[in-house]
Structures are given as structure tokens and as C-alpha cells.
Amino acid sequence: MSDEDRVRWDRRYADRGSVALGDAALPAVFQPFAEEFPTTGCALDLACGTGGAGVWLAQRGMAVWGCDVSAVAISQARALAERCGVAARCHFEVWDLDNGLPAGCPADVLICNMFRDARLDEAIIGRIAPGGLLAVSALSELGASPGSFRVRAGELRRAFAGLGVIAGEEAHGRTWLLARAVETVDQTPE
């Protein structure tokens, strides 16, 4: 991401002010499926912003690694985790996803809210642990004008076709998908 974009995101988050305890929540599109999200294991929150989803996952018992290109957002995410009493389970770091996914262990939950870079699809799929959950949302061309940050109709379902879809929708300029990685079966002879 260019320095100009990074500065723009820092300004955006700074203008919003500090985050409140109530900001620790799943994105609205995933809230009806909250029980699908595990209470143990590791979570990776890509483009985590101020950390609301990551902190919510940590409150449920998960170890969370969140990244965002904005240092201001990461500072706010760390503060939210501290105020919510889950800082020990959260690691938030400035990371530019133009450089790919950060290194780490397989994720039992991989969440990516309102960010889309198709170049990361293969890495995202490879990063989800067997049986792990993918929660991804983005702006969509469906019900809105095409744009450089909007995905085409059906793009998420095509990109993550190898996962078991739990739910998804495309409408009103937004698309989202909740899917589970196929669990592998041990094929070793007895």
C-alpha cells in the first residue's frame, strides 16, 4: 500500500476517535451466526481495523492475531483489548497485506471484514486449519456501481468454492461469505 493510502487510513481512524467497550463485536453480517465461531484455538483477523472482531473472539477464549496497515487503528485495537481485559490473548500488529499474509500457524478462524484482495485467496485458503472458519465480507458491485474496491457478483463463492459454505449474501453493495474448511480424514492404514 502506498504511503499516501496509509496516511489516509490513519487519518480516518484518528477522526473516528477512541473505540468503546461496545465496539468489541462481530461485524453485523456475521452476528446471526455467532455460535458458528469457536471458543478455543487461534484466530487471524486481516485488515482488523480497531480490533472489534478480534477482541470479541478473544473474549470467547481464542488467541487472536490481528493486522492492519494503519498504525492508528492498531493502537486503538490494542487499547480496546486492554480495556476489555483480553490483551494477553490479542496480538495486533501493523502489517501491509500487499506483502502477503503474515507468517503464523493455521487459523481456526480467519476473518476479513471489508477488505478484499483476490491475490490473497490461495494464501487465505491455505491458512485455515482443517474444520476452521472463514468469515469474509467486502463491497460488491451487486446493487451498487462498479469500483476498484468492489467485487464482482459471485466472486467470493468462486474464490472459496473448495470450502463448505454455511451462509452468504450479495445485495445492496455488500457481499459476505461464511464457510468452513473441509476437515481432513486420516487415511493411514491401521
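**Exercise 1.** Determine which elements the buried residues of α3 pack against.

*Solution.* The buried residues of helix α3 pack against α1, α2 (52–59), β2 (63–68) and β3 (90–94), where contact means heavy atoms within 4.5 Å. The model is a predicted one, in which local features need pLDDT of at least 70, side-chain atom pairs count only at pLDDT 80 or more, and totals for chains, interfaces and linings use all residues. Residues are numbered from 1 along each chain as its sequence is written, and side-chain values use heavy atoms, with hydrogens and water left out.

**Exercise 2.** Identify the buried residues of α3 and state how they are arranged about its axis.

*Solution.* Begin with burial (under 20% relative accessible area, 1.4 Å probe, protein chains only): A73, I74, Q76, A77, L80 and A81 of α3 are buried. Next, look down the axis of α3: the buried residues fall within an arc of 160°, so they line one face of the helix. The arc is that of the directions from the helix axis to the C-beta atoms.

**Exercise 3.** Describe how α1 and α3 meet.

*Solution.* First, the axes of α1 (residues 3–16) and α3 (residues 71–83) come within 7 Å and cross at roughly 40°. Then, D10, Y13 and A14 of α1 and A71, V72, A73 and Q76 of α3 make the contact.

**Exercise 4.** Locate P146.

*Solution.* P146 lies in the loop between β5 (128–140) and β6 (150–151). P146 and M114 are 32 residues apart in sequence and 16 Å apart in space, C-alpha to C-alpha.

Notes
Axes are lines fitted to C-alpha atoms, for helices over the stretch in contact, and angles run from 0 to 180 degrees between N-to-C directions. Helices (H or I, at least four residues) and strands (E, at least two) are DSSP runs, numbered from the N terminus. Buried means under 20% relative accessible area, exposed over 50%, partly exposed in between (1.4 Å probe, protein chains only).
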